[in-house]
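Here are my notes on this one, point by point. Have the model open while you read.

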Amino acid sequence: AVPLVVAVSTRLTAQRGLLIRDRAAFERAHGLGAALFDKTGTLTEGRFGVVGVVALSDLSEREILAWAAGLESQSEHPIAQGVMRGAKDRSVTPKPVRNFKNLPGQGTEAVIEGHSVRVVSPHYVRKRGLDAPNERIDELGDEGNTVVYLLIDDKPVGAVALADVIRKESFDAIARLKAMGIRCMMITGDAMAVAKSVAARLGLDDYFAEVLPHQKLEKVREVKARGVTVAMIGDGVNDALALVESDLGIAIGAGTEVAVESADIVLVRSDLRDVFTIVALSRATYRKIL
Ligand code: ADP
Ligand code: MG
């Protein structure tokens with residue numbers, strides 16, 4: 001006979017667009033105590049638009065976009081796509097780059113016209129003592145926008161502010177999971193102000209910002225160490241380690257290949273309400289097995 005878990009998970013795959021790569025993880029979902037959500041591309045759509053460009057040098061706003069877009073043309077990060085869209089909308093041509101490198105959870109770097117160029121998070125800039133205080137940038141950040149800095153030879157020459165939107169299903173997904181008694185938290189590489197605003201709007205139980213990929217993994221370990229069954233839900237390269245470490249790794253179908261390959265279950269429709277469905281069905285299945 002076909003075990004019940006196999007039957008249920010096969011049916012789920014067909015009906016709901018849930019790709020169950022690890023059935024044991026699906027079984028563990030019945031005892032889920034906490035869910036850690038990535039922000040960008042998971043709770044939010046990850047479709048950024050440029051809302052402001054601030055010059056910190058004699059470069060014009062268009063030049064800042066041209067340098068930044070040069071780097072971002074090589075990255076698949078949602079921020080990169082936002083910068084590219086911003087450049088295209090303004091008919092700005094990205095500069096050609098060499099030696100491109102991803103800085104996971106922090107930004108990108110490459111060489112343009114013989115200069116070392118980076119597009120990075122405020123956290124990265126602060127950590128290296130390269131801050132360039134600017135009222136307009138603070139304002140854009142306080143409004144809940146994601147700000148990235150353009151560094152040329154370690155000098156901040158400009159900043160780009162981008163806005164993203166919360167997925168409309170996220171509100172329902174969080175409310176339902178919380179009603180089941182599951183602690184819902186967000187873990188993001190983005191800045192504190194952005195995280196705070198998203199967490200408040202979704203009614204999350206807790207949030208952690210400016211977190212690097214290995215710190216996402218450490219947070220998963222920390223929750224597990226308390227004896228709590230924990231799920232990690234994410235879409236990015238930066239989530240891969242945490243997805244593997246969690247009891248239940250869930251990837252957004254529209255996410256990166258690395259995330260999908262690191263997960264136990266893939267939400268093919270990229271609908272976060274399916275996390276609730278997984279737990280509810282795992283509970284129902286488990287009750288029948290006992
Ligand atoms: P999240 O955890 O919200 O998915 P990431 O860990 O991918 O975010 O990124 C964290 C931060 O690193 C971003 O908010 C941004 O400041 C910076 N960053 C990452 N990738 C890029 C990129 N390609 N271009 C610019 N900034 C980036
Ligand atoms: Mg993400």
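1. First, a term: buried means under 20% relative accessible area, exposed means over 50%, and partly exposed lies in between (1.4 Å probe, protein chains only).

2. Some housekeeping. This is a predicted model, so to speak of local features we need pLDDT of at least 70, and side-chain atom pairs count only at pLDDT 80 or more, while totals for chains, interfaces and linings use all residues. Residues are numbered from 1 along each chain as its sequence is written, chains are lettered from A and ligands numbered from 1 in the order in which they are written, and side-chain values use heavy atoms, with hydrogens and water left out.

3. Now the metal. Asp 38 (OD), Thr 40 (O) and Asp 235 (OD) coordinate the magnesium ion (ligand 2) at 2.1 to 2.2 Å. Donors here are N, O and S atoms within 2.8 Å of the metal (3.2 Å for Na, K and Ca); water is not among the atoms, so sites may look incomplete. Along the chain, the donors of this ion are spaced D-x1-T-x194-D. Asp 38 sits in strand 2 (residues 32-38) and Asp 235 in the loop between strand 11 (229-234) and helix 11 (240-245), so the pair ties together parts 197 residues apart in sequence. Helices (H or I, at least four residues) and strands (E, at least two) are DSSP runs, numbered from the N terminus.

4. On to the sheet: it is open, with 7 strands in the order 1-13-12-11-2-9-10 and mixed pairing. Two strands pair if DSSP finds at least two bridges between them. Strand 1 (18-20) and strand 10 (206-208) are the edges, each pairing on one side only. Strand 11 and strand 12 (residues 248-252) run parallel, joined by 4 bridges; Ile 233 has Ile 250 in strand 12 as its bridge partner.

5. Have a look at Asp 239 as well. What does its side chain make a polar contact with? The side chain of Lys 216, at 2.7 Å. (A polar contact is a pair of N or O atoms within 3.5 Å; within protein, one must be able to donate a hydrogen and the other to accept it, and residues adjacent in sequence count only if both atoms are side-chain atoms.) Asp 239 lies in the loop between strand 11 and helix 11 and is buried, at 0% relative accessible area.
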